[in-house]
Amino acid sequence: MAEKKSFEKNMAELEQIVAALEAGQIELDESLMLFEKGIKLSKTCQRLLDQAEQKVVRLTQTENGEITEEPFEE
């Protein structure tokens, strides 16, 4: 079974792909392959961010001084 890569590793790989595509020194077939891989990495990063956001809990203090937990909301 393949090891799950962290957000940071996925993002670093995506940045390398973007740099390679921006350099414009690769052939069309390889560019298309890298673009497709970049799209998949982008979706993976977004999914990992969404999962992290769901775990974030904002602590708030009520009027009587109690600390309560609320789901993170923008």
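## Exercises on a pocket and a buried glutamate

The largest pocket of this predicted model has a volume of about 170 Å³. Residues are numbered from 1 along each chain as its sequence is written. Local features need a pLDDT of at least 70 and side-chain atom pairs 80 or more, while totals for linings use all residues, and side-chain values use heavy atoms, with hydrogens and water left out.

**Exercise 1.** Work out which residues line the largest pocket and how the lining divides by class.

*Solution.* Begin with the lining itself, that is, residues with an atom within 4 Å of a pocket point: K4, K5, N10, T44, R47, L48 and Q51. Next, sort these by class, which gives one nonpolar, three polar and three charged residues. Finally, assign them to elements: helix α2 (residues 28-55) supplies four residues, the largest share of the lining.

**Exercise 2.** Determine whether E13 is buried or exposed, and which residues E13 touches.

*Solution.* First, locate E13, which lies in helix α1; this helix (residues 7-23) has the highest mean pLDDT among the elements of the chain, 97, where pLDDT is the predictor's confidence in each residue, from 0 to 100. Second, E13 counts as buried because its relative accessible area is 17%, and buried means under 20%. Third, leaving aside residues up to four places away in sequence, E13 touches K5, K37 and L41, contact being heavy atoms within 4.5 Å. Lastly, the side chains of E13 and K5 make a polar contact at 2.3 Å, the term standing for a donor and acceptor pair of N or O atoms within 3.5 Å.

Conventions:
Helices (H or I, at least four residues) and strands (E, at least two) are DSSP runs, numbered from the N terminus. On a 1 Å grid over the protein atoms alone, a cavity is a set of points where a 1.4 Å probe fits but cannot get out, and a pocket is an open set with protein on both sides within 12 Å along at least five of seven lines; lining residues have an atom within 4 Å of a point. Grid points are joined across faces, edges and corners, and a volume is the space filled by probe spheres set on the points. Ala, Val, Leu, Ile, Met, Phe, Trp, Tyr, Cys and Pro count as nonpolar, Asp, Glu, Lys and Arg as charged, and the others, Gly among them, as polar. Buried means under 20% relative accessible area, exposed over 50%, partly exposed in between (1.4 Å probe, protein chains only).
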